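Here is a friendly walk through one protein chain. Keep the picture open while you read, and look up each residue as it comes along.

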Amino acid sequence: GMVAWHRGDNALTAESLGRVIARHDVDKHKALYAQFIKEFGVFSHFYAGLARTIQGEFDEGRALAEGAIALSEQLNFPHERGFALLARFNTALLRDDVETADEASHEALTYSIQQGFPEFVAMAQFVQGWCLARRGDIVGGVEQMEDGLNAWRQTGFTCWQGLFAAIIAPYKVQLGSIAEATDLVEGYVAQVDATGEEQTRAPLLLARAVIQRETGQNAAAQHSVAAARTAARQQGAVLWQRWIDTQFPDDE
């Protein structure tokens with residue numbers, strides 16, 4: 001299910017992880033954490049919540065994220081508490097809930113610094129930056145998002161980076177940093193081609209289209225928008241389609 005999400009197969013993600021959630025028993029399965037260093041109930045709630053949110057089911061996505069929080073409180077494993085907070089603030093970012101994203105990412109940042117979870121620190125930094133940008137501090141927001149992305153790169157995880165880039169790039173366009181935005185997007189489109197992390201393709205193509213429109217490449221922008229729509233439609237990614245419609249409402 002987790003692999004399916006990164007590959008952009010949201011339906012398989014929701015179906016597979018829904019089966020895990022249905023079978024998961026805290027008392028019976030808690031001991032598996034020591035063997036796998038992964039708590040299957042928390043992880044499944046997180047990724048199922050992401051998938052449901054991208055399918056446009058915001059309430060279901062929020063409920064799954066809160067389910068991750070509830071499970072982490074029962075388990076009392078620090079890493080799972082941090083991961084559950086990621087579920088809360090990432091689903092909030094995707095549905096454009098700035099207040100929840102800000103509160104949860106701030107809590108996660110403080111907690112993860114205390115616990116020594118660098119990947120959670122990096123992601124929380126990124127989302128804190130997004131909150132700044134959404135509230136109008138684009139310069140400060142971009143700077144903090146870039147700090148989060150760079151910290152995430154240092155963990156060695158290649159996943160998620162394309163989505164971070166797709167979110168940063170349009171803000172860079174607003175700041176006039178066209179060349180930087182272009183390099184960022186094109187580098188990660190190439191990475192998607194190499195890794196198969198198709199979940200990020202539609203947002204990256206949308207970011208490419210925003211750059212092309214800004215530089216007067218209108219025909220190229222329309223081509224990128226069409227490709228983004230195709231990717232989103234194939235993935236059942238209602239959220240990505242809404243992002244595209246917001247930026248290019250007349251290109252359907």
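## The whole chain

Before anything else, keep in mind that this is a predicted model. What is the chain built from?

How does the radius of gyration fit a compact globule? A compact globule of 252 residues would have a radius of gyration near 18 Å, and the chain has 18 Å, which agrees. Draw a box along the principal axes, and the C-alpha atoms fill roughly 60 × 35 × 30 Å.

Of the 252 residues, 53% count as buried. The chain exposes about 11200 Å², and carbon and sulfur atoms supply 49% of that area. Now take the contacts between residues at least 6 apart in sequence: 61% of them join residues at least 24 apart.

## Rings that meet

Time for the aromatic side chains. A pair of rings is described by two things, the distance of the centres and the angle of the planes. The structure holds 13 aromatic pairs. One of them joins W152 and F157: this pair is tilted, with 5.4 Å from centre to centre and 35 degrees between the planes. Why tilted? Stacked needs planes under 30 degrees apart and edge-to-face needs over 60, so the 35 degrees of W152 and F157 fall under tilted.

W152 also pairs with F164, and here the arrangement is edge-to-face: the centres are 5.9 Å apart and the planes make 85 degrees. Where do these two residues sit? W152 lies in helix 10 (residues 138-155) and F164 in helix 11 (residues 161-174), so their pair ties together parts that are twelve residues apart in sequence.

The charged end of R213 sits over the ring of F248, 4.1 Å from the ring centre. R242 has its charged end over the ring of F58, with 5.2 Å to the centre.

## Charged pairs

Side chains of opposite charge can pair when their charged atoms come close. The structure holds 14 salt bridges. The table shows three of them.

| Salt bridge | N to O distance |
|---|---|
| R19 and E15 | 2.5 Å |
| R95 and D97 | 3.2 Å |
| D102 and R135 | 2.5 Å |

Start with R19 and E15. Both lie in helix 2 (residues 10-23), four residues apart, and that is about one turn of the helix. R19 is partly exposed, with a relative accessible area of 48%, and E15 is partly exposed at 40%.

The bridge between D102 and R135 links distant parts of the chain, 33 residues apart. D102 belongs to helix 8 (residues 98-115), while R135 is in the loop between helix 9 (118-134) and helix 10. At 53% relative accessibility, R135 counts as exposed.

What about R95 and D97? R95 is buried, with a relative accessible area of 11%. D97 has 18%, and since buried means under 20%, D97 counts as buried as well. Which residues share a network here? Salt bridges with shared partners join R62, R95 and D97 into one.

## One residue up close

Finally, pick out F40, found in helix 5 (residues 40-54). At 31% relative accessibility, F40 counts as partly exposed. Which residues does F40 touch? Leaving aside residues up to four places away in sequence, F40 touches V20, H24 and L32.

Key:
Residues numbered from 1 in each chain as written. Predicted model: local features only at pLDDT ≥ 70, side-chain atom pairs only at ≥ 80, totals over all residues. Heavy atoms only, no water. Phe/Tyr/Trp six-rings, centres within 6.5 Å; stacked < 30°, edge-to-face > 60°. Helix = DSSP H or I, 4+ residues; strand = E, 2+ residues; numbered from the N terminus. Lys NZ or Arg CZ within 6 Å of the ring centre and 35° of its normal. Rg over C-alpha atoms; globule rule 2.2 N^0.38 Å. Buried < 20%, exposed > 50% of the residue type's maximum accessible area, 1.4 Å probe, protein only. Contact = heavy atoms within 4.5 Å. Areas by Shrake-Rupley, 256 points an atom, 1.4 Å probe, with all protein chains shown as cover. Salt bridge = Lys/Arg side-chain N within 4 Å of Asp/Glu carboxyl O.
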